[in-house]
Amino acid sequence: MDTLKHLLTPIRVKSMEIANRVVMPPMGTGLADEGMVSEANLAYMRRRSRSGAGLYITEIAEVHPLGSVAPRCIGVWDDRFIPGLSKLAEIVHEQGSKIALQLHHCGRESLFHTRNKTAVAPSAIPSYIFGFLGTPREMTPDEVRETITSFGAAARRAKTAGYDAVELHGAHGYLLMQFLSAHSNRRTDEYGGDFRERARFMIECIQEVREQVGDDFPVSLRISAEEGIKNGYTVEDMQTIIPDLVSAGADMINVSFGTHGNAQVYTDAPNPSAPVEYEQGFKTGLARKIKEMTTVPVVSVGRFTDPFFMDGVIARGDADLVAVARQHLADPDFLKNAIEGHPEDTCECLACNQGCIERLALEQKPIRCAINPETGQELSYPDKPAEISRTVWVIGGGPAGLTAAFEAARLGHQVTLFEKEQETGGQIRFAEKAPHKSVYGKWIRTLTAKCLKRGVDIQKGTTVTEAMIEVGNPDAVILAIGADKAICPAEGITSSVVCDPERRGNVQRQRGRHRRRSGGYGDG
Ligand SMILES: Cc1cc2nc3c(=O)[nH]c(=O)nc-3n(C[C@H](O)[C@H](O)[C@H](O)COP(=O)(O)O)c2cc1C
Ligand code: SF4
């Protein structure tokens, strides 16, 4: 039977009582202003904090200026950041949840520092991603010690700012993991050597943090349990150091996976923000392996979207908590909807990465979401009904038209949506037929149902003419008749053996009728 009983059971980590097992893990937003928490950061967190998760872990907060991925990341390397950080914590506390600050140093993984020739790393080995721009400088022994100290000082500031816990970012190929990995650490001093020796930097950072925050303050450690690249470390390697990490002071292990460069030197692991072909909870096995080595709470992450599924993960004991990242961007009401008995209202994250991690990391732009217009734009997103209710016609029932219709209806307008086909969805109807893309179709069905619930009049099989607009005289017309197709310029793309989802869809439906088409939304 579907239940949320296990998911909604509180759990204690040292002094921190967490109301349920749902964690929003760290997600960089690119909304900060030269390290300072901005109004946009606060608005973003205010919306997320209404999800009802028990624990929110902030995006990376930089413990050292040389460790900052970009100027639009949050800083914690100086006391001047404390007031802004406090406001962020208050927002989460107002909802009755707990908040941890993620302590971070990027090492070599920064486009900004690599471009400016200021990147530092355990060894002078270029990043897989940014290496084409330059090679980082090897940290001196003094810099190593200074960096360890900066983790401790940052943790102390987090405690002063009112946080309930801190988390050291030891995952995803950033500095702590750069020390751990043979791919990035060739040091000959006491911070290099075999796997256990390379773990020394991580262990000393945890010890320093513990020293600074005291015995009862919860310290989480985020790890990539396996590196996921050729000749990278494995979960069995990681198992061997878990007892050391815990005795150094880790009270909770947040088990992620992968590193910068998984896509470049791919073996069997995806990027930490896995694409759609990976199933919900596909890395719970890693959490279980870490749990074998320790009694401290363990968090699992990876494509979680459905609270009932998450409940099973907790019930089976695969993990003690589940981290839900991108679903918090695509629809932060996923947990509330499930608790209130209408989970069908939740728009499921497409794992497309287009609006979130790719925009942030590759385009260096603030976070958005491909399917949620509010995300990253909370400051300008209207949340009160319009003063005057108007008649709005939306022409086109694809994703843009449906979203526009829903948003207009949400604001209290009288909305009619016209779709010339007999179904809504536009080109998504074809894109969803590609392998693993059925979630796109689910999104359209959810959006269509939400429009109907909001009172949108959906007129299918109707082509709008100028005469209709003159007679109907709506206050506003939104034209959403579809995007241009992206057609891959590969040789042979027009060959008769190449079949795109649209053509396949039509061939299936119109048996025998031959139509020539190529491309299709979201095929890539
Ligand atoms: C936009 C974005 C920013 C992220 N930033 C961070 C970060 O600051 N620190 C971190 O540990 N992980 C970061 N991650 C990884 C997520 O915490 C999470 O591990 C990953 O997205 C997988 O979870 P999901 O499948 O639920 O999205 C980020 C992910 C996304 C999508
Ligand atoms: S942009 Fe795509 S992957 Fe990112 S949160 Fe939105 S739907 Fe999910």
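This note comments on a predicted model, point by point.

1. Basis. Residue numbers start from 1 along each chain as its sequence is written, chains are lettered from A, and ligands are numbered from 1 in the order in which they are written. Because the model is predicted, local features need pLDDT of at least 70 and side-chain atom pairs count only at pLDDT 80 or more, while totals for chains, interfaces and linings use all residues.

2. Domains. The assignment, whose bounds come from an automatic or database source, divides the protein into domain 1 (11-361) and domain 2 (391-509). Their centres, taken over C-alpha atoms, are separated by 38 Å. Seven residues of domain 1 are in contact with 10 residues of domain 2, contact meaning C-beta atoms, placed from the backbone, within 7 Å. The side of domain 1 that touches domain 2 has three nonpolar residues, no polar ones and four charged ones. Here Ala, Val, Leu, Ile, Met, Phe, Trp, Tyr, Cys and Pro count as nonpolar, Asp, Glu, Lys and Arg as charged, and the others, Gly among them, as polar.

3. Ligand 1. The shell around ligand 1 holds 26 residues, of which P25, P26, S273, A325 and R326 come nearest; a residue is near a molecule if its C-beta atom, placed from the backbone, lies within 6 Å of it. By class, the shell has 15 nonpolar, seven polar and four charged residues. At least two shell residues come from each of β4 (55-62) and α13 (357-361). Helices (H or I, at least four residues) and strands (E, at least two) are DSSP runs, numbered from the N terminus.

4. Ligand 2. Ligand 2 is surrounded by 14 residues, and R326, C349, G355, C356 and C369 are the closest. Its shell consists of 10 nonpolar residues, three polar and one charged.

5. Strand β6. Seven of the seven residues of β6 (98-104) are buried, so the strand is largely enclosed by the rest of the structure. Buried means 20 or more other C-beta atoms within 10 Å of the residue's own, exposed means 12 or fewer, and partly exposed lies in between, with C-beta atoms placed from the backbone. K98, A100, Q102 and H104 point one way from β6, and I99, L101 and L103 the other way. Strand β6 pairs in the parallel sense with β4 over six bridges, and four bridges join β6 to β9 (165-170), also in parallel; pairing requires at least two DSSP bridges. L103 is the bridge partner of A61 and has L168 as its partner in β9.

6. An open sheet. Four strands with parallel pairing follow the order β16-β15-β14-β17. The edge strands β16 (457-460) and β17 (476-479) have a single partner each, so one side of each is left without a neighbour in the sheet. From one strand to the next the twist averages 15°. Four bridges join β15 (414-419) to β16, with L417 partnered by I458. Helix α14 (399-410) packs on the sheet, touching β14 (391-395), β15 and β17, and its direction makes about 170° with that of β15. Axes are lines fitted to C-alpha atoms, for helices over the stretch in contact, and angles run from 0 to 180 degrees between N-to-C directions.

7. Backbone points to check. N231, in the loop between β10 (219-224) and α8 (235-248), has a positive phi of about 60° although it is not a glycine. N231 is exposed, with 10 other C-beta atoms within 10 Å. N473, in the loop between α17 (466-472) and β17, has a positive phi near 50° and counts as exposed with 9 C-beta neighbours inside 10 Å.

Conventions
Two residues are in contact if their C-beta atoms, placed from the backbone, lie within 7 Å.
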